[in-house]
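Biologist: Hi! I'm new to this one, could you walk me through it?

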Amino acid sequence: MNRVPMTVEGADALRSELENLKKVERPAIVQAIAEAREHGDLKENAEYHAAREKQGFIEGRIQEIESKLSHAQVIDIKSIEPSARVIFGSTVTIIHLDDDREVTYKIVGDDEADVKKRKISVNSPIARALIGKEVGEVVVVHAPSGSMEYEIDAVEHL
């Protein structure tokens, strides 16, 4: 299977979630199932069925996180020589040439992407257009809503 790029912060967040699921959530749900069993008839015991369903979600999420981490290629942007080129992990400020709007994005892995936090996936149309370009270059982003032009204003490797 192909390696999936991920920032150090993204990998740390997944590891923290995994630890919480294994050390806090899993034991709590096992206890909840045990308590629900004590209430008698399992066929009509809503607490038992809810706890078992939650256990299924927790176990599924644990497997999903372990799989993601095993296929992750963790990239520490701080260990890469700084340059004016946009690379994975860069924080890029771009200017929309139609209306001079300025926006800043950090290019991250698919699992870390969160537009509200200004983190975009390396596989998004904007990131694909920006990767490898330098400050001052104009890029054309081909998105489902049409083509847009941006100028790269700044690149930081934080």
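Modeller: This is a predicted model. Strand 6, residues 138–143, runs antiparallel to strand 7, residues 146–156, and six bridges join the two.

Biologist: Which residue stands opposite Val-141 in strand 7?
Modeller: That would be Met-148.

Biologist: And how many residues lie between strand 6 and strand 7?
Modeller: Two residues, and the two strands form a hairpin.

Biologist: Nice. What sheet do these strands belong to, and in what order do its strands come?
Modeller: An open sheet of five strands, in the order 5-4-3-7-6, with mixed pairing.

Biologist: Which are the edge strands?
Modeller: Strand 5, residues 119–121, and strand 6; each of them pairs on one side only. Neighbouring strands in this sheet are turned by 45° against each other on average, ignoring direction.

Biologist: Let's switch to the helices. How do helix 1 and helix 2 cross?
Modeller: Helix 1 spans residues 8–37 and helix 2 spans residues 46–70; their axes come within 9 Å and cross at roughly 160°. Angles over 145 degrees count as roughly antiparallel, so helix 1 is roughly antiparallel to helix 2.

Biologist: Is that crossing left-handed or right-handed?
Modeller: The crossing of helix 1 and helix 2 is left-handed.

Biologist: What classes of residue make up the contact of helix 1 with helix 2?
Modeller: There are 15 nonpolar, one polar and 13 charged residues in that contact.

Biologist: Okay, new topic. What does the UniProt record annotate over residues 82–156?
Modeller: The entry, which is unreviewed, has the annotation "domain: Transcription elongation factor GreA/GreB C-terminal" for that stretch. In the model, residues 82–156 are 8% helix and 44% strand.

Biologist: How far apart are the end C-alpha atoms of that stretch?
Modeller: They are 8 Å apart.

Biologist: Which elements have the lowest and the highest mean pLDDT?
Modeller: Strand 6 has the lowest, at 89, and strand 5 has the highest, at 95.

Note on methods: Residues numbered from 1 in each chain as written. Predicted model: local features only at pLDDT ≥ 70, side-chain atom pairs only at ≥ 80, totals over all residues. Heavy atoms only, no water. Pairing = 2+ DSSP bridges. Helix = DSSP H or I, 4+ residues; strand = E, 2+ residues; numbered from the N terminus. Axes fitted to C-alpha atoms, helices over the stretch in contact; angles between N-to-C directions. Parallel < 35°, antiparallel > 145°, perpendicular 65-115°, else oblique. Left-handed = near helix turned anticlockwise from the far one by under 90°. Nonpolar A, V, L, I, M, F, W, Y, C, P; charged D, E, K, R; others polar. UniProt positions renumbered as here; feature names shortened; annotations may be inferred. pLDDT = per-residue confidence, 0-100.
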